[in-house]
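Please look over the sequence and the model that follow. The paragraphs after them lead through a few local features, one at a time.

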Amino acid sequence: GYYHAHVVVVAAAALLLLLGTAVHATALYQCTTAQTASVSTGEALVQLQAGCVFDDGGGGTLSLTVDVGAALDAAVGAGDPSATFDANGATFKKTNIVFDSTAGHATTIPYMLTMKGCDYQAGSNEGIVFTGVFPAGSVLTVSGNDMVWDNAALSTIGGIAVVDAALQLSTTLLISSNRLTTLDKGRALITTNGATNITGSSALLVSDNTALISYTSTSSRLGFVFLTTTTTDILEVDEGSSVNVSNNAVTCDGPSYIIYYSLLSVYYGTVSVTGRSHMSLDNTHTNVHGRTSYQFGVYYGKLFVSGASNISVYNTHMEGTISNLQYASIIGMYVATWDVSGGSTVHVWNNSMNITSSYTSCRVMIHCMVAPSASSPNALSFREASTYLTEDTSVYVSLLTTGGYVGEFGPKEYGRGPVVVTGGSKIIRLRSTYSGSASTVVFWYFGATVNNGEIITSGHRANMDYGGMYTLAMGSPYEDTTISNNSNITASDLHVVSSRGSYIFVGYLTRVALTDSHILVTNVSANLLATPTETQFVFLPIYLDRSPITAASSITVDNADCSVYYDGATSPTATIALALLLGTLSNATVTISNSNFHATHFRSNIALMTTFYIAVPISAGGVLAVINTTYDVSWTGPTTPTSNLLMPTPSVELGSRMILSNNNISYRFNVTNPSQPPYKVSPFG
């Protein structure tokens with residue numbers, strides 16, 4: 001989508017201009033008065049000053065087309081060191097401005113462009129476009145302007161757009177200190193489109209702007225900077241170049257909500273960051289107004305990071321109240337591909353969110369991956385010694401219903417596609433704090449393919465008015481997970497306190513094949529109060545569901561302290577077990593040690609209560625060990641549990657072992673009606 005330009009050729013005067021100590025005959029276009037017709041100029045020097053007003057007087061569209069190639073050639077002919085465009089204090093009403101550098105120019109001098117202190121009032125389909133190849137060392141500056149777009153018809157490119165362009169060899173496009181306002185349902189204020197390259201230590205810098213993105217249609221998909229907007233758009237950032245979106249204040253506003261909102265986004269299309277290049281979003285404040293709201297998002301797009309390049313997102317803040325908010329995150333993917341390879345890094349640190357929503361199953365995550373259906377998955381890969389590091393995030397949520405998730409990585413959605421971590425790559429998630437109400441705390445709940453890789457989550461704190469805990473949840477009910485080839489999964493120093501809660505999973509594995517690899521959960525705690533609002537309660541320190549644990553692998557839960565206390569007249573249907581094994585334990589070890597688990601004061605319904613529920617044999621030298629651990633379950637009420645507590649007897653085959661050492665396992669019943677004796681209780685069945 002290009003802006004339509006009505007081109008009228010205006011002859012420019014040739015003046016003698018004193019430049020330094022030399023005198024050159026420089027071609028000049030100068031405007032200091034009203035312009036009622038479109039202008040096309042290829043002069044070496046263009047000056048638009050105060051009093052220059054582009055306005056046809058009848059509400060129609062004008063165009064200002066600058067032939068950059070012709071301007072460069074004219075500057076060379078005059079012996080000038082550069083071609084120059086200088087707009088200072090000019091006014092543009094419904095004017096389409098195009099800097100067109102598509103025509104061939106064999107010059108090596110730069111193009112120096114400044115648009116400063118201008119009043120820009122666009123209509124339905126006008127904007128500022130940079131297109132073509134800009135020569136080495138060019139500096140393109142749009143700074144300190146007041147710019148408004150009424151972009152109801154603007155659907156594919158932004159108010160300021162880089163279209164089929166090449167910024168090369170230390171060329172900089174700086175968009176800074178502007179007041180930007182867009183109306184209705186355009187894509188984004190700033191976009192790159194077509195086949196655009198930023199190479200040779202060049203940069204696109206968007207900084208210190210104040211932006212208002214407003215709308216009237218809930219079908220809108222809006223943002224501040226979209227790096228692509230259609231499936232055919234391709235942006236390549238290479239050779240030490242950068243895209244930086246920094247220190248902006250962005251507000252989205254409208255009557256209700258929109259489908260998608262993001263500060264910086266790969267929206268459809270493909271973006272490649274390679275050759276030690278860099279992309280960052282930092283020091284930017286915004287509010288939420290999308291049903292899906294991401295700070296940095298890949299939405300139906302593809303992002304490739306390679307060649308020791310890096311992506312950084314830091315010092316951002318998202319806040320706001322929206323009743324229809326379904327997904328809010330610092331990093332977001334929606335039916336997206338994101339591949340990181342070649343020793344590249346994604347670093348996310350010191351970000352915060354403060355979110356209020358009444359949507360039933362709202363997810364407020366640091367990294368949220370959404371697939372609307374099983375046929376539309378995501379793909380996130382870290383290969384070839386690449387790293388994903390997240391640090392020091394603060395999240396506050398007020399979810400006005402009892403559903404929802406808050407946490408590091410998730411949520412659990414069907415058909416999302418596994419996260420791939422291979423070739424010595426690492427995902428490391430450190431030191432987040434969560435507070436507020438009405439969310440299950442999720443430190444990791446996702447499928448994964450880990451081959452000679454590492455996943456670490458550590459140092460997180462959650463203090464919730466409502467929130468169960470998935471401490472380390474690997475796998476998904478909807479897809480297989482494989483962890484192999486000396487991979488390591490570690491969760492440590494994780495602590496959750498909640499006044500109400502429904503779940504405690506310490507080690508939760510669903511459809512996980514663990515081969516020659518290790519999972520360690522250590523120094524974790526969860527203290528929850530269950531209340532009558534819950535319909536079910538699940539307390540499973542070790543839960544292996546359809547998960548074969550084989551080939552010298554190990555799962556260790558050490559120094560865990562988890563408790564739930566029920567306070568109410570009738571308790572939820574509860575599933576309570578120290579270890580529930582529905583997978584395969586063969587030539588591998590599962591250990592629970594130095595831990596305390598308490599589930600106390602329950603009253604009515606029990607779906608399952610046992611120490612061990614082991615429905616598969618321990619075989620081929622497998623080991624299940626419980627050492628120095630307390631497991632305490634108590635029941636209070638007029639009647640005993642409605643379920644028999646006998647469970648399957650574990651099968652320990654020749655050469656395998658089940659080790660119970662120095663444990664305190666107790667079941668306590670306080671039944672006030674003597675005609676209701678306890679049901680059968682046994683640690684094993």
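This is a predicted model: local features need pLDDT of at least 70, side-chain atom pairs count only at pLDDT 80 or more; totals for chains, interfaces and linings use all residues.

A disulfide requires the two sulfur atoms to lie within 2.5 Å.

Which two cysteines does a disulfide join? The link runs from Cys31 to Cys52, with a distance of 2.1 Å from S to S. By the distance rule, the count for the model comes to one disulfide. Such a link is a covalent bond between the sulfur atoms of two cysteines. About the S-S bond the angle is 95°, and the link of Cys31 and Cys52 is right-handed. Cys31 belongs to strand E2 (residues 22–31), whereas Cys52 sits in the loop between strand E5 (45–48) and strand E6 (53–54); the pair therefore ties together parts that are 21 residues apart in sequence. Are these two cysteines buried or exposed? Cys31 counts as buried because its relative accessibility is 0%, and Cys52 counts as buried at 0% relative accessibility.

By the rule for ring pairs, the count comes to 21 aromatic pairs. One of them is formed by Phe92 and Tyr120, and this pair is tilted, with 6.1 Å centre to centre and 50° between the planes. The pair links distant parts of the chain, since Phe92 is in strand E9 (residues 91–93) and Tyr120 is in strand E12 (residues 119–122), 28 residues apart. Phe92 is buried at 1% relative accessibility, and Tyr120 is buried at 0%.

Phe226 lies in strand E23 (residues 221–228) and Tyr267 in strand E27 (residues 258–267), so their contact ties together parts that are 41 residues apart in sequence. Phe226 is buried, with a relative accessible area of 0%, and Tyr267 is buried with 1%. Both residues also belong to a cluster linked by ring pairs, which consists of Phe226, Tyr260, Tyr267, Tyr268, Tyr294, Tyr299, Tyr300 and Tyr334.

Which residue lies over the face of Tyr388? Arg429 does, at 5.1 Å from the ring centre.

The backbone deserves attention as well. Most residues other than glycine have a negative phi. Asn315, however, has a phi near 55°, a positive value in a residue other than glycine. Asn315 lies in the loop between strand E33 (310–314) and strand E34 (317–321), and it is partly exposed, with a relative accessible area of 27%. Ala552 provides another case, with a positive phi near 60°. Where is Ala552 found? Ala552 is in the loop between strand E55 (536–550) and strand E56 (554–566). With 44% relative accessibility, Ala552 counts as partly exposed.

Methods:
Residues are numbered from 1 along each chain as its sequence is written. Side-chain values use heavy atoms; hydrogens and water are left out. Helices (H or I, at least four residues) and strands (E, at least two) are DSSP runs, numbered from the N terminus. Buried means under 20% relative accessible area, exposed over 50%, partly exposed in between (1.4 Å probe, protein chains only). Rings of Phe, Tyr and Trp (its six-membered ring) pair if their centres lie within 6.5 Å; planes under 30 degrees apart count as stacked, over 60 as edge-to-face and the rest as tilted. A charge sits over a ring if NZ of Lys or CZ of Arg is within 6 Å of the ring centre and within 35 degrees of the ring normal.
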